[in-house]
Amino acid sequence: MKLKPEQELNASLLLVNLPLFAGCPKEALQAIIKNLDARDVLPGKVLMMDQEIGRTLYLLSSGSVGVWKRVGGEKKQLATLKAPNFFGERSMFEESPASALVKAEERCLIYCLERSQFDPIAVQFPGILDPIKKNMVEVRQKRMGPTPAPEVPS
């Protein structure tokens, strides 16, 4: 469902404060907001499957989601993302499969941006791509935590 006027203001504040969009032109962010869909998501709803080729960026405005991965035949929760946050950027911008399953832990308000909606914006505002790609690397490093130093053979 397209955003209501009050949701547009909320989405605008969300985008400006998300690290993914730091350094992006304001006009491009406004174009993104015009293409967002709002979803009210109930607890337990799976939003993204592990290894799914997704074409949606999820902007978490309220609530929280769990990030799950099968490790050694066992499902493990890797993280909890609390609003304000985002996920699905890897599938959206790198066209690679999702690296984990994402499921709502509580009721969430999520703004969704489909790749088919984003592509014309990227053509109109080509300056949006470089900051997003740079920010994705930084966000991924923060989410994964510090990389341990390699062991040195003795």
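In the predicted model, 7 salt bridges are present. One of them joins glutamate 8 to lysine 34, with 3.1 Å between the closest N and O atoms. Glutamate 8 belongs to helix α1 (residues 5–17) and lysine 34 to helix α2 (residues 26–34), so this pair ties together parts that lie 26 residues apart in sequence. The two partners fall into separate accessibility classes: glutamate 8 is partly exposed, at 27% relative accessibility, whereas lysine 34 is exposed, with a relative accessible area of 52%. The assignment of lysine 34 follows from the cut-off, because a residue counts as exposed over 50%.

A further salt bridge is formed between lysine 69 and aspartate 50, the closest N and O atoms being separated by 3.4 Å. Here, too, distant parts of the chain are linked: lysine 69 is in strand β4 and aspartate 50 in the loop between β2 and β3 (56–62), 19 residues apart. Lysine 69 is partly exposed, at 24% relative accessibility, and aspartate 50 is likewise partly exposed, at 26%.

Glutamate 94 and arginine 140 also form a salt bridge, with their closest N and O atoms 3.3 Å apart. This pair connects helix α3 (residues 89–94), which holds glutamate 94, with helix α5 (residues 129–144), which holds arginine 140; the two residues are 46 residues apart. Glutamate 94 has a relative accessible area of 39% and is partly exposed. For arginine 140 the value is 29%, and this residue is again partly exposed.

Pro131, Ile132, Asn135, Met136 and Val139 are buried in α5. Viewed down the helix axis, the buried residues of α5 fall within an arc of 135° and therefore line one face of the helix. An α-helix has 3.6 residues a turn, so residues three or four places apart point the same way. On the other side of α5, Asp130, Gln141 and Met144 are exposed. The packing partners of the buried residues of α5 are β6 (85–87), α3 and α4 (115–124).

The strands include an open sheet of 4 members in the order β2-β7-β4-β5, paired in the antiparallel sense. Strands β2 (46–48) and β5 (74–82) stand at the edges; each has a single partner strand, so one side of each is left without a neighbour in the sheet. From one strand to the next, the twist averages 30°. The antiparallel pairing of β4 (residues 64–71) with β5 extends over 8 bridges. Within this pairing, valine 71 has glutamate 74 of β5 as its bridge partner. Strand β4 also carries lysine 69, the salt-bridge partner of aspartate 50.

The loop between β2 and β3, in which aspartate 50 is found, also contains glycine 54. Glycine 54 is buried, with a relative accessible area of 12%. Apart from neighbours within four places in sequence, glycine 54 is in contact with Ser91 and Met92. By contrast, 25 Å separates the C-alpha atoms of glycine 54 and asparagine 10, which lie 44 residues apart along the chain.

Technical notes: Residues numbered from 1 in each chain as written. Predicted model: local features only at pLDDT ≥ 70, side-chain atom pairs only at ≥ 80, totals over all residues. Heavy atoms only, no water. Pairing = 2+ DSSP bridges. Axes fitted to C-alpha atoms, helices over the stretch in contact; angles between N-to-C directions. Salt bridge = Lys/Arg side-chain N within 4 Å of Asp/Glu carboxyl O. Buried < 20%, exposed > 50% of the residue type's maximum accessible area, 1.4 Å probe, protein only. Contact = heavy atoms within 4.5 Å. Arc of directions from axis to C-beta.
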